[in-house]
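Thank you for asking me to look over this model. My notes are set out below as numbered points, to be read beside the coordinates.

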Amino acid sequence: MKKPVLWHSLLLLWTAPFLFAQPGAPSDPLAPTVGVKSASEIDREWQQSVSKYDAERNRLLAEADRQANDGPYRADWATLVNYQQPQWYKDAKFGIFIHWGVYSVAAAENEWYPRNMYRPKEGAYKNFRDHFANGNESKGYKDLIPLFRAEHFDASAWAKLFKEAGAQYVVPVAEHHDGFSMYDSGLSDWTVVKMGPKRDTLGELAKAVRAEGLHFGLSSHRAEHNFFYDGGRSIRSDVNDPKYASLYGPAHEWFMGPDNAHGLYDDWTWVSDAWTRDWLARDTELVEKYKPEIVYFDWWIGQPNFRRAVTEFTAFYYNYAAAHGYTGVVDFKDYSLNWKAGTRDFERGQLDKILPDHWQTDTSISNASWGYIEHDTFKSPEFLVHQLIDIVSKNGNLLLNFGPRSDGTIPDEVQNTLREMGGWLKVNGEAIYGTTPWKIYGEGPTKVVGGAFHDTDTKPYTPQDFRFTAKGNDVYAVGMACPPDGKAQIQALGSSHEGASLPVANIELLGSREKVAFTQSADSLDVTLPAGATCKYAYTLKLVPGNK
């Protein structure tokens with residue numbers, strides 16, 4: 001009986017590769033891997049692809065752990081909720097956000113082009129095949145990198161434009177979901193220093209921004225890279241090739257609950273400890289190399305598997321900043337952090353009331369994308385000035401984004417908008433910078449829909465709409481539209497309303513030396529603007545109080 005058993009065993013060994021091999025594997029590196037490789041196998045491929053950086057990653061993790069336990073904070077909410085935002089950030093009110101990367105080469109769809117180009121039902125899929133693949137299935141996002149040259153990038157010119165726009169801080173994207181590092185990373189082969197432009201564009205911009213006296217921050221969208229290319233695993237693509245795992249990441253299938261109704265609480269995507277530790281190391285590296293005063297994170301750091309790493313990073317960063325003489329700011333969304341432990345950000349949104357804790361809106365000048373695309377449409381300077389005024393009146397900052405072209409030039413529409421905003425702020429900035437909310441944010445018929453993704457739902461403002469800010473004893477009433485007859489009536493400033501504590505002794509129209517006529521009654525403050533007064537986009541009345 002032993003011989004037949006032995007013969008059967010030998011036959012099984014000889015035929016096993018054919019019996020158990022999946023179609024196209026291993027000879028076909030492009031073959032779909034969904035249902036073929038387990039999540040743990042896929043994750044191991046990614047871990048192996050970045051293993052040559054294990055020593056540096058371990059060093060950074062050890063440093064993060066040391067610094068998280070050396071300073072006023074620890075990786076726990078009991079200490080992190082004691083965080084206090086720096087005064088400069090609360091006074092700044094206006095910052096610039098920059099989405100720039102390899103995705104700007106295609107200049108199509110939006111900054112999620114890298115993900116959607118692997119999804120056959122998306123426009124980006126057809127765009128890539130029509131314009132870049134040329135019938136070659138092995139072509140993928142990696143092949144756009146040599147086309148990203150930044151040959152006209154001038155960090156000093158950018159910084160001067162931001163200064164002219166009246167911005168006080170600048171936050172470029174250090175790494176988006178695509179996994180290409182727009183900085184000099186020692187943990188990746190796929191960086192702007194080693195490929196494409198072969199220069200540290202983030203480092204150049206940091207130096208130029210600081211030279212203009214502006215504050216420098218950066219953003220990391222690395223967390224989402226864990227799933228970003230999952231569409232490529234369902235089709236023949238280079239995402240399936242282990243050779244490129246260090247760029248495409250594990251590309252785990254993104255598992256959300258029905259309609260994502262409960263947000264990240266109902267997100268069941270595979271996230272390994274190795275991934276969150278690598279995330280922590282990369283963000284530690286960014287802090288060490290560039291010393292940002294702001295670190296902005298996109299929404300997915302709120303995924304349950306990230307909580308421990310996020311807590312450790314926050315403690316590390318706040319302690320690191322304190323040790324280097326500044327106070328760091330972490331911008332976050334939804335419930336990624338305890339609301340007292342950082343600055344809450346509302347993407348493309350506003351609030352309908354004053355929030356006691358200082359907050360931020362990030363939105364884009366572009367209507368369709370965060371990155372550069374051709375044939376885009378843009379928000380008007382008037383819309384953005386109004387948005388800034390409304391946000392500031394409710395205790396917030398505006399972080400305004402644009403997308404440069406892949407060659408490093410800034411579209412004319414963006415430059416014009418920024419300069420128009422800067423022109424308005426040059427006249428009216430006294431009512432914006434360094435202010436605090438007044439008793440109420442404003443009055444008038446035009447209401448804002450509160451929450452994220454509602455910023456374009458606001459209807460045009462009327463001459464009856466005002467927003468209020470305060471500085472010291474002075475109050476600023478910003479008229480959101482010019483009164484056609486030159487007469488403004490502000491009901492809240494009547495002596496029988498909120499204006500009871502503000503007996504007005506004098507009114508100045510910012511940008512004008514002409515005398516402003518007014519009367520304050522129980523019902524309202526009635527103002528007559530000087531003849532020929534300009535109120536482009538909005539005008540500001542500075543109310544100087546007298547003795548009660």
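1. Basis of the notes. The model is a predicted one, so described here that local features need pLDDT of at least 70 and side-chain atom pairs count only at pLDDT 80 or more, while totals for chains, interfaces and linings use all residues. Residues are numbered from 1 along each chain as its sequence is written, and side-chain values use heavy atoms, with hydrogens and water left out.

2. Angles run from 0 to 180 degrees between N-to-C directions, with axes fitted as lines to C-alpha atoms, for helices over the stretch in contact.

3. Strand β7 (residues 359–364) runs parallel to β8 (residues 396–402), and 6 bridges join them; S364 has N401 of β8 as its bridge partner.

4. The open sheet. Five strands form an open sheet in the order β9-β10-β11-β16-β13, with antiparallel pairing. Because β9 (436–443) and β13 (504–509) stand at the edges with a single partner strand each, one side of each is left without a neighbour in the sheet. Neighbouring strands of this sheet are turned against each other by 20 degrees on average, direction ignored. Between β13 and β16 (residues 539–545), which run antiparallel, there are 5 bridges, and I507 is partnered there by L543 of β16. Helix α13 packs on this sheet too, touching β9, β10 (466–471) and β11 (474–479), and its direction makes about 55 degrees with that of β10.

5. A further strand pair. Strand β12 (residues 487–490) is joined by 4 bridges to β15 (residues 525–528), the two running antiparallel, and the bridge partner of Q489 in β15 is D526. The covered face of β12 carries A488 and I490, whereas K487 and Q489 are on the uncovered one.

6. Cavities. A search of the whole structure finds 3 cavities of 30 Å³ or more, a cavity being a set of points on a 1 Å grid over the protein atoms alone where a 1.4 Å probe fits but cannot get out, with lining residues having an atom within 4 Å of a point. Volumes are the space filled by probe spheres set on the points, which are joined across faces, edges and corners. The largest cavity has a volume of about 80 Å³, and its lining consists of I98, W100, W158, P172, V173, M182, T201, L202 and L205. That lining divides into 8 nonpolar residues, 1 polar and no charged, where Ala, Val, Leu, Ile, Met, Phe, Trp, Tyr, Cys and Pro count as nonpolar, Asp, Glu, Lys and Arg as charged, and the others, Gly among them, as polar. Helix α9 gives the most to this lining, with 3 residues.

7. Two backbone angles to check. Most residues other than glycine have a negative phi. A107, in the loop between β1 and α6 (113–116), has a positive phi near 50 degrees, and A251, in the loop between α10 (245–248) and α11, has a positive phi of about 50 degrees. A107 counts as buried at 8% relative accessibility, and A251 is buried with a relative accessible area of 1%; buried means under 20% relative accessible area, exposed over 50% and partly exposed in between (1.4 Å probe, protein chains only).

8. Y73 lies in the loop between α3 (54–67) and α4 (77–80) and counts as buried at 13% relative accessibility. Y73 and A315 are 242 residues apart in sequence, yet 5.4 Å apart in space from C-alpha to C-alpha. Leaving aside neighbours within four places in sequence, the contacts of Y73 include A315, Y318 and N319.

Key
Pairing = 2+ DSSP bridges. 1 Å grid on protein atoms, 1.4 Å probe; cavity = no way out; pocket = protein on both sides within 12 Å on 5 of 7 lines; lining within 4 Å. Contact = heavy atoms within 4.5 Å.
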